Amino acid sequence: MRLKLVPSETKIDFLRLRMPALGFSGLLVAASIAMFAVIGLNLGIDFRGGILIEARNSQGPADIAGVRSDLGKLGLGDISLQGFGSETDVLVRVQRQDGDEAAQIAAIERITSTLGANYEIRRTEFVGPTVGAELAEKGVLAVVCALLAIMVYIWFRFEWQFSIAAIMALAHDVLSTIGLFALTSFEFNLATVAAILTIAGYSINDTVVVFDRVRENLRRYKSYDQRAILNMSLNETLSRTVMTSVTTGLALLAIVLFGGAVLRDFALAMMWGVLIGTYSSVFVAVGMLGFFDLKKSFDEDDDPGAVTDED
Amino acid sequence: MLQFEAWKKTLVILVAALGTIYAAPNLIPGDREGAGILPGQKINLGLDLQGGSHLLLRVDMDVVVEERLEGIAETIRQEFRERKIRFSGLDVRGAQVRVSLRNADDAAGAREVFQEFSRFVDIVDEGGEYRIEYSEPGLVALQTSTIEQSMEIIRRRIDPDGTKEPVIQRQGSDRILVQLPGVDDPEEIKRLLGRTAKLTFQLVDTSITGAEAKSRGRVPPGTVLLPGDDDDGQFYVVEKRVMVSGELLETAQASFDQNNQPAVSFTLNAEGAKKFGRVTGANIGRPFAIVLDGKVVSAPTIQSQIFGNGQITGSFSVAETNELSLILRAGALPAPLIVMEERSIGPGLGADSVAAGQIAAIVGLLLVIVFMILSYGLFGLLADIALAVNVVLILGALSAIQATLTLPGIAGIVLTMGMAVDANVLVFERIREELRRGRNVMAAIEGGYRRAISTIIDSNLTTLFAALFLYVFGSGPIKGFAVTLSIGIATSLFTAVMVTRMLIIIWLERKRPRELVL
């Protein structure tokens, strides 16, 4: 007996859903940009500069209220506390201190000495303003360069129409992920940038598989109309799309459940990425392809490497 | 016909065996060095997994440049006096030394004096008024030597016994990256690196008290007003001329003075002892200041001629004298270090992360294995075997190239497990399609592989792009994630295409099935 998430042969008219889906995606991207502009991102210390200390009470549950009032007396400005992982652990975030780097280092010493001997300092992170700005710049550069490189690669391997459709789908994934972070106020840090790039990698992987099939079918069934070919390609790859999303999702689920507090947010962001990446490959990437006249370029195409049906 | 050439079989077995050999040391408890007969080492754990401190330091070059310019100004003052060149307005302002000649006839003599520095400074002559500043190559050379010297001093301070394997690297023009594994108290490292520990002995000017000079806001020429070490508002007027400086120290130890207060004892080297003996011999009865990083620690009166040995007293705790003597032994930093970024992980959190990562990896692996068997039956099992080989290869590759495994790196491995089966899924789905078209088993499998391969390569290459950019732009742990992701893509491509294919062909040859349910 086989577990089949997708029936052997599907004949879903994806292209009929194209306009509503593209409309929804357009709204999603617009809302994400608006949310980014209005609410903004909850930037972590990686980008904003500041101090993060993870401490564990060796005597029992962490007294978050007590720690909050003790640290509040230090006059270090905006301090946020949260439980982290287990109930003995507390995560202290302190805003960037006025003054130079030495002022930040002094603040760390004051916090650790105020926490006292009962608290084991498990992690100290401090990012100075200069480094924070550099990390932010590098992060943006990484995402933009990766998107451009992928676009060029797709252009090189396929046709320019595919490249444009793929990059629209990717931009959609990246922007809506940023929108999600703005909406939920999840901390946006270096790991998030890594997650976004991995989401982009996963999403393009998915898109390429579908595009490969579209190209193959365009060459094979020259008499079919474009819409039929796009639908056929999506249906043929649907089972694989779902299978891979599930296996990747299962692996990520293991990280969310057992990987510890540090990786949880990263894995959650990735799970969202698997969802949005799968959706965008089907509806945004192929949906956008539907606007181009692909048959024209393929009718003229006599690429010797084309897959032909020799059987 | 479907076949798997003998050389490919050999290659698969060889690669799998190599991977196993290199991965094996990780199963053996104990230190990183591996176990005798095995060639490799254990995987190199990142600071976030083994605990440790990561510090990005900036060398404050402005201070060094200003100090050097002060030195140049002092030399000019002395040389001009010796040569009876009359001058005015000798001063260090901004990053320049300025001086004016009173008599234009002295220009030749002045130029001779300047000759001494001309290798690394630019000298602008504006009609008898000179501006001296560091030239571009001079500045670069100064920067390089300062950074190299700083790195050496940092090593001696944080790893005096040479056992801790710190990473100390130059980054960019003026930064130093320090990574020290296994640190219990990151604050201690920052204290050790937080002071330059420039130690000098300078005579105290007794013609005026510190308090008077402070209120007048003026000190006699050739002297400077320095604060006391205790922040009690006491000031000292000391001669700019340095009797002996810390470079001439032979050694320093924590000790106690005659009142049983913690103190630091030091011994000067031969040159230092000679110098110190000469100056103290000529100045018996006068106080001299022990100056540490621009503050007067104490100012004892010279009772008798002092040669090699002395003691620094002050209000120290025992811990402070231990740290101070270590710093003095290591030598002074040429410039202050500023901490730009710190990431310190305690050993407890590191161990917890490794444990959590292992559980997540095992659970993730099991989930994927079960799901693949449920979906594809026997072929799913074959893909699972390939997946297991894949995990071994990733671990083996990480050990062999001694890449650093970080916590996000573990996430990369788990994620790779999920994505690694993708290539097999692509092939299996193709085979299903071919079967539905009524192809026989052999033709379906062959067609499935042939048609899927270009898709597999395309999709993996694009993911590799994303990983590449993560590596180039990422820092620390994120780089580790990019490394495992890239290795995972390469190994999963190999295992999915080669290992599963080999297993399927072996199965075909043995069973010669007439029918395939997939």
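Guide: A helix crossing is left-handed if the near helix is turned anticlockwise from the far one by less than a right angle, and right-handed if clockwise. This model is predicted, so local features need pLDDT of at least 70 and side-chain atom pairs 80 or more, while totals for chains, interfaces and linings use all residues. Residues count from 1 along each chain as written, chains are lettered from A and ligands numbered from 1 in written order.

Visitor: In which hand does helix 1 of chain A pass helix 9 of chain A?

Guide: Helix 1 spans residues 18-38 and helix 9 spans 261-289 of chain A. Their axes come within 9 Å and cross at roughly 110 degrees. Helix 1 of chain A and helix 9 of chain A are therefore roughly perpendicular (65 to 115 degrees). The crossing of helix 1 past helix 9 of chain A is left-handed.

Visitor: Which residues of helix 9 of chain A make the contact?

Guide: Contact means C-beta atoms, placed from the backbone, within 7 Å. Helix 1 of chain A brings A:Arg18, A:Ala21, A:Leu22 and A:Ser25. Helix 9 of chain A answers with A:Phe283, A:Val284 and A:Gly287.

Visitor: Which residue of strand 15 of chain B is the bridge partner of B:Leu203?

Guide: Four strands of chain B form an open antiparallel sheet, ordered 12-9-15-16. Strand 9 (199-203) and strand 15 (288-292) of chain B pair over five bridges; pairing takes at least two. The partner of B:Leu203 is B:Phe288.

Visitor: How many Å separate the centres of domain 1 and domain 2 of chain A?

Guide: The domain assignment gives domain 1 as 14-43 + 132-299 and domain 2 as 50-127 of chain A. Taken over C-alpha atoms, the centres of these domains of chain A are separated by 38 Å.

Key: Axes fitted to C-alpha atoms, helices over the stretch in contact; angles between N-to-C directions. Helix = DSSP H or I, 4+ residues; strand = E, 2+ residues; numbered from the N terminus. Parallel < 35°, antiparallel > 145°, perpendicular 65-115°, else oblique. Contact = placed C-beta atoms within 7 Å. Domains from an automatic or database assignment.
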